[in-house]
Amino acid sequence: MGASLPPKEANLFKLIVKSYETKQYKKGVKAADSILKKFPEHGETLSMKGLIYNCMDRKTEAYELVRHGLKNDVKSHVCWHVYGLLYRSDREYSDAIKSYRNALKIDPENIEILRDLSLLQAQMRDLSGFVETRQQLLTLKPNHRMNWIGFAVAHHLNSDPRKAAEILEAYEGTLEEDYPPYNERYEHSEMLLYKVSLLEECGSPERALEELNKKATRIVDKLAFKEQLASLFLKLGRFNEAEATYRSLLAANSENYRYHEALQKCLGLSLEGGKHSPEHVNKLTSLYKSLQEEYLSSAAAKRIPLDFLENEEFRKAADNYVRPFLTKGVPSLFSDLRPLYDHPGKADILGGLILEIEASLQNNGSFSGRSQKEPPSTLLWTLFLLAQHYDIRGQHDLALAKIDEAIVHTPTVIDLYLVKGKILKHAGDLVAAAALVDEARSMDLADRFLNSECVKRMLQADQVDLAEKTAVLFTKDGDQHNNLYDMQCMWYELASGDSYFRQGSLGRALKKYLAVEKHYADMTEDQFDFHSYCLRKMTLRAYVQMLKFQDRLHSFPFFHRAAVGAIRCYLKLHDAPPKVTVDEEGGFVGLSPSERKRIRQKQRKAEARAKKEAEEKAKEEEAANIAATKSGKRGSQHSKVIDLDPDGQKLLQVEDPLAEATKYLQLLQKHSASRLETHLLSFELNIRKQKMLLALQAVKRQLRLDPDDPEVHRCLIRFLHKVDSLPPAQTSTEKLVQNVIEIERPSLGVPHDKSLLEVNESFLENHRDSLVHRAAAAEMLFLLSPERKEEAIKLIEDSVNNIGPSRDCAFGRIMAWKLKSCVSVHKLLETTFHDTSAASRWGLLCAEMFPFSTYFKGVKSSAVPGSVNYQACSKEDNSDLGKNQNKIIEAFTHSVNGDIPDLKDLKISAPVESHQTC
């Protein structure tokens, strides 16, 4: 570096490098300018000055200087290295790798460049290149521990754990007998555990166990040692030793479910599929009886038997399990019991048990079979649990009655209002649910969780403005958008995006969904710093787990929801491109001229105010950046980003919405291929693009995942109907496509001698008792034979709402129809069949079944004037957050309210009714 400069300037060049490394940027620029006065075309100095400018957020000048320097000295490895660093800072990793490789052509043994290249290869998962680069580093510096470890990890990531273990074995051979010193015991211990895990992974558990026992004294993490030892015993079939080890682990932590599962495997009692045999149940009962006696305070030892016990044994165990929690007052008890409702018959037993406990407490003040009186709070939590039981069973009237009884009992318990809001949400009154949860929030204004729950309910009720005003109470500087984005508050962005999508605001919805996608991109970038840190600190097992986690990052639910939302927005944008008119952009459709004028005036004032605030902020930030640059610090490290497109209008200005949707579909197909929704969207996208073979592929994958799903049936019939409607093939490509589809037709369950009407009729016969399946069959009948419209509608109207058998039937009915399904059927009658009369009949029927539903205007919903919830959800301006809280909640005759003087005159408006689904 700087070799072509005289001694004085060469020393100055070294000062530039040192200033860059110590972040003394002003000093570095000064030294560079001193060199450039005498040698204005010196390429390496120009490049280093550009690199420092990049750190000072002067990127345009930085790239100009670096490119100029590289042009002047194209054979300098420094210039190429700096160019790569510039690309790396902008996350242009592919270009950075190219620059590093060019630098290595000039100086192939440069340690720094090789190290930087290896980090980028690990980031980009260029694993073969990563192995090659780490081998070069080890060859150049074999006495450096990090190079040995990096070479081993590279082989492990490249699916060669055996070679990785051999490298670690060779590294250990270079160490002295008294290694490690005391201050490196942990790092060496982690390496030994990593080596054992490699031996286990490559299929040598005997060697792994031998190595683990041999190095036991040098392993510091005794818990990890025991877990690894037990795992190896189990894998080798040494069940007695594995059992003893897992029992010792349970003695340390009896609540760890993984230990319980492993102990069951040791005893040959694990459930591989289906149900336990009676013999297994007896052995498990005996096992957990002994564990309960040994660990008296263990909740896991009491909870696990509820999964395998049946009938009376289950009832007794559940009774013993829930009583202490009811006495203590544990609000999360129902969440703990929730998985049991998926077991046949257990929901009825739990319902009968809770009713019996309630009756005993009401009559005697104690549990049945006990003389000891329970505190009054036990009845409260029993009612709380019973309300949630009725809610999950769809008996919302009974659920509300019980939660109201609990509120009358103790009006100050916040959890009661949260659950009541959840019940109203499930019953179909999202506006009333938001009001109830807002009441809960007002009882403890310092609780962030309550604030978040309230915001979530408001967004579900499409009260976006009110939700934003509520969310801002827990953000800094009153700037909710930037703060919520910086905090990666994805639940808020997803709920807000869903609300905007329901209201037809595609631009804002897309903005929220793409913000979530950006968070996941940031998470992917955040792993970069760990590639060197973990090798240096020897946290090798955690490092490999982190990389595996990153590889499946896009399969997590939040990203899936965001990608699905973005694809749906683009599909809707393709089906109905926005008309660029002043009225529609302003949302003035249906308003009188005076109302339009008033709204336009408000919008102009708001835009002017926002523009002025943005200019003031920009001036402040510019002044701060200039001051920071003068002091040699990074300028805009904490500056706020000004959103120039708050409504997402630029996102709607895409030439090909389907091409944009395809980007997200490819991610879903790669990371969420096991989800049916992925292939449903693939079909919708490809059928619009006229990609018939890709649509066929999507249908085949749907059938493989769930052939009985009504949406799959819709896609199958639509696809084959589309194929049958195509004009005769003209080109060789079209003929080939049609031939492939004809060959694949039997694999779709549609033989050549069977018509689509017959396939649809067969589907209906197999699912005659299901509303959603009948609706799908009716829709496809109408598609195939439009003249049979009345027959198709009759198929839907003849559906029977079967009442499920239940021991609770004396206290209410359990209906087979769900509100969400009924709403979708109503929309089907309106939008697909275009039969307002049938839709009206269906609406009246559902309003009777779902009296709290605002969509169907049920008699008890807030959408009906004069109902119990109407006043609480009046259609007025909701801009005055924190006012008149009492007036809102007074309309809820079921609730008991305290005095809330700080929240007066709050008014919550009802959302558009067509968006009210659960």
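In which loop does Pro180 lie? In this predicted model, Pro180 belongs to the loop between helix H10 (161-173) and helix H11 (185-201).

**View 1. The cis peptide bond at Tyr179 and Pro180.** Tyr179 and Pro180 are joined by a peptide bond in the cis form. The omega angle of this bond is about 10°. On either side of the loop that holds Pro180 are H10, residues 161-173, and H11, residues 185-201.

**View 2. The whole chain, for orientation.** The chain has 918 residues, and 49% of these count as buried. Its secondary structure consists of 47 helices and zero strands. Among contacts in the chain with a separation of 6 or more, 60% are made by residues 24 or more positions apart.

**View 3. Arg125, a residue with positive phi.** Arg125 is not a glycine, yet its phi is positive, at about 60°. The residue sits in the loop between helix H7 (111-124) and helix H8 (127-140). The relative accessible area of Arg125 is 24%, so this residue is classed as partly exposed.

**View 4. His834, a residue with positive phi.** The phi of His834 is about 55°, a positive value although the residue is not a glycine. His834 is placed in the loop between helix H45 (819-832) and helix H46 (836-849). Its relative accessible area is 58%, and His834 is therefore classed as exposed.

**View 5. Packing of helix H21 against helix H22.** Two packed helices are described by the angle between their axes and the distance between the axes. For H21 (residues 346-364) and H22 (residues 376-392), the angle is about 150° and the axes are 10 Å apart. H21 is therefore roughly antiparallel to H22. The crossing of H21 with H22 is left-handed. The residues in this contact comprise ten nonpolar, five polar and one charged. From H21, the contact includes Ala347, Gly351, Ile354, Leu355, Ile357, Glu358, Leu361 and Gln362. These meet Thr378, Leu379, Thr382, Leu383, Leu385, Leu386, His389 and Tyr390 in H22.

**View 6. Packing of helix H38 against helix H39.** The axes of H38 (residues 676-688) and H39 (residues 692-705) come within 8 Å. They cross at roughly 160°, so H38 and H39 are roughly antiparallel to each other. This crossing of H38 and H39 is left-handed. The contact of H38 with H39 is made up of ten nonpolar residues, four polar and one charged. On the H38 side are Leu676, His679, Leu680, Ser682, Phe683, Asn686 and Ile687. On the H39 side, the residues met are Met692, Leu694, Ala695, Ala698, Val699, Arg701, Gln702 and Leu705.

**View 7. Cys489 and Cys715, two buried cysteines.** Cys489 has a relative accessibility of 13% and therefore counts as buried. Cys715 has a relative accessible area of 2%, so Cys715 is buried. A disulfide is a covalent bond between the sulfur atoms of two cysteines. Taking as the rule a pair of cysteine sulfur atoms within 2.5 Å, the count of disulfides comes to zero.

Key. Residues numbered from 1 in each chain as written. Predicted model: local features only at pLDDT ≥ 70, side-chain atom pairs only at ≥ 80, totals over all residues. Heavy atoms only, no water. Axes fitted to C-alpha atoms, helices over the stretch in contact; angles between N-to-C directions. Helix = DSSP H or I, 4+ residues; strand = E, 2+ residues; numbered from the N terminus. Parallel < 35°, antiparallel > 145°, perpendicular 65-115°, else oblique. Left-handed = near helix turned anticlockwise from the far one by under 90°. Contact = heavy atoms within 4.5 Å. Nonpolar A, V, L, I, M, F, W, Y, C, P; charged D, E, K, R; others polar. Buried < 20%, exposed > 50% of the residue type's maximum accessible area, 1.4 Å probe, protein only.
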